[in-house]
Amino acid sequence: MKYCWLSFGALSLLQDLVKYHPYTLLVAASLLLFPAPALASRIESWRFYTGQNKLEFRTDQDVQPSAQLLTEPTRLVIDLPGIVLGRPSFSESVGDGAIRSVRFGQYNKTITRIVIELAPGYIIDPNQIKFRGITARQWVVQIPKPQIASGNETMNGARAPVASNPTSGNSIIVPTLPLITSGGMIQRQPSRAEGEDNAAISPNFATSAPARLATIESVQLESGGRQLVIRANQPLKYDSGWDRKTSSYRITIRPAQLAAQVKGPQLDANSPVLRVRLREEDSHTVSILVQPAAGVQIADLNQPTGQILALQLQRGQSTSTQTLTPRATIPVPSAPRSATSIPTLPQISSGKIVVVIDPGHGGPDPGAVGIGGLQEKEIVLDIGIKVASLLERQGVQAVLTRRDDIDLDLEPRVQMAEQLRASVFVSIHANAINMSRPDVSGLETYYYNSGADLARVIHSSILEGTGAPDRGVRTARFYVLRKTTMPAVLVEVGFVTGQSDATKLSDPSYRSQMAAAIARGILQYIQRMTRS
């Protein structure tokens, strides 16, 4: 099963139209078919794996994240410089265990902030938080298992709940794509990763009946004026961001109403805010507008418990600094070089260098069949065509053994390479193992006789360009390696039976990354060959 990544901007537009102007849905759907010009670098998509404590996000341009672990409550703050969120701040619940929510907001004009918030009373080891750049535009954050802090309690005095044992494959995948049925009804269906039968659905996208109104019971300054705390009688859902018209920070809560006697905080000349306005915008929406005093920065909006929001206020520091002293700065590795970066080569006469690209299997032979019916022949044909196209752009004559889903034996593949007197032969395949081993993933590259250098160069390029697990360069007596007289390799781009590899190989953008990495390796080898 394949899932769709929908842009934040498109999703926000569609949700607003569905909610407030249902009759314009068909117009909105047609508008989404036409790409708009990119005005800024944005987050394209994200997902959180609840059972693995893992966050994955993608941007449309290269980014170098930075991260800090803050306390009271514990939260991991990830800043993405040069990235614009492109929609109001929002928070998504990811469960009722130790990790409660993932929040996105525009920290300032040039930084998007992601906050992973833990339940009160939990801590995590900062040394075990790992960032990995699959590419400079796709990042994975692995969070260790949270632990209950010794003697720590929640704000209401109760011990923090112990996380349940969620199914290891569960994930929150945001956003989801609304579906239009033939009867005109609007339904929301969760996207699901390959093999994930119990994907949790974000509450903001649930299809249940409208929730009861939360009643805002108090809005008060606490912690010596360092926090504006909002309390309600039941869990809150909110958006937040700057309101340019009023020069205030707006917190929008829905569905919600104000209690009859609720008032804002008592303010004086030393208060960190000049004004707090409470508004009922309609029968189910409450807005709280906060205008900070001179020298006071609005820093972070936390949700320590479902019924409490805490807006952090900071005096006398730049907006680029953190509100609270971080428990630790989390090291983030440098962003990988873009996978589409190919070494500059002189234009080469097409009669001088010939590369044969051999997508394995085809026709009635699907090759390996993996998770969700993923077929090797389809994956490798797509990658092979992209590799050939990239090589042609660099002046290298690239010949495909097959361009379509046709049946082709091994011998004709070899004969084609020999008749063309090819300089290089690269066969592209996908690996497989028993379906009971979804834990096995990774890259393997094979050679037989004269292809050792070619195998090592291509293998290294793929590791650098995709971050694939390294299963090594090996020798093998495959027919296409034994029978060819030029340097020849067989690349196993991943396991269609591996949960991680199957998810990535199902993604056209990842296949493009793989193709660029293979092409780069071939070009690097040709550079060495032409110099010697």
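Predicted model: local features only at pLDDT ≥ 70, side-chain atom pairs only at ≥ 80, totals over all residues.
## Overall make-up

The protein chain has 532 residues, and 53% of them count as buried. Its secondary structure comes to eight helices and 30 strands. The chain exposes about 24400 Å², of which carbon and sulfur atoms supply 50%.

Taking contacts between residues at least 6 apart in sequence, 69% join residues at least 24 apart.

## Nonpolar cores

The largest nonpolar core contains 46 residues, and V387, L391, I518 and I522 have the most contacts inside it. Helix α8 (residues 508-531) gives this core its largest share, 11 residues. Another core, of 33 residues, lies apart from it; L55, V102, A119 and A328 are among its members.

I518 has contacts with I383, V387, I428, I458, I462 and V493, when residues up to four places away in sequence are not counted.

Strand β28 covers residues 443-447; five of its five residues are buried, so the strand is largely enclosed by the rest of the structure. In a regular strand, side chains alternate between the two faces of the sheet. In β28, L443, T445 and Y447 point one way, while E444 and Y446 point the other way. Residues on both sides of β28 are buried, the glutamate E444 included.

β28 is joined to strand β29 (residues 470-475) by four bridges, and these two strands run parallel. Y447 stands opposite T475 of β29. Between β28 and β29 the chain passes through helix α5 (residues 452-466), making a right-handed β-α-β crossover. Four bridges also join β28 to strand β30 (residues 488-495), here in an antiparallel arrangement. E444 has E492 as its bridge partner in β30.

## A five-strand open sheet

Five strands make up an open sheet with mixed pairing, in the order β19-β15-β16-β23-β22. The edges are β19 (256-258) and β22 (296-305); each has a single partner strand, so one side of each is left without a neighbour in the sheet. From one strand to the next, the twist averages 30°.

Within this order, β16 (residues 227-232) and β23 (residues 308-315) pair in the antiparallel sense over five bridges. L228 stands opposite L311 in β23.

S423 sits in the loop between α4 (410-419) and β27 (424-431). Its relative accessibility is 17%, and S423 therefore counts as buried, the cut-off being under 20%. With neighbours within four places in sequence left aside, S423 is in contact with K352, I353, V354, M486, P487 and M529.

G367 is found in the loop between β25 (354-359) and α3 (376-393). With a relative accessible area of 23%, G367 is partly exposed. Leaving aside neighbours within four places in sequence, G367 is in contact with H361 and E376. G367 and K377 are 10 residues apart in sequence, and their C-alpha atoms are 5.8 Å apart in space.

How values were computed
Residues numbered from 1 in each chain as written. Heavy atoms only, no water. Buried < 20%, exposed > 50% of the residue type's maximum accessible area, 1.4 Å probe, protein only. Contact = heavy atoms within 4.5 Å. Pairing = 2+ DSSP bridges. Right-handed = clockwise from strand over helix to strand, strands pointing away. Core = buried A, V, L, I, M, F, W, Y, C linked by side-chain atoms within 4.5 Å. Areas by Shrake-Rupley, 256 points an atom, 1.4 Å probe, with all protein chains shown as cover. Axes fitted to C-alpha atoms, helices over the stretch in contact; angles between N-to-C directions.
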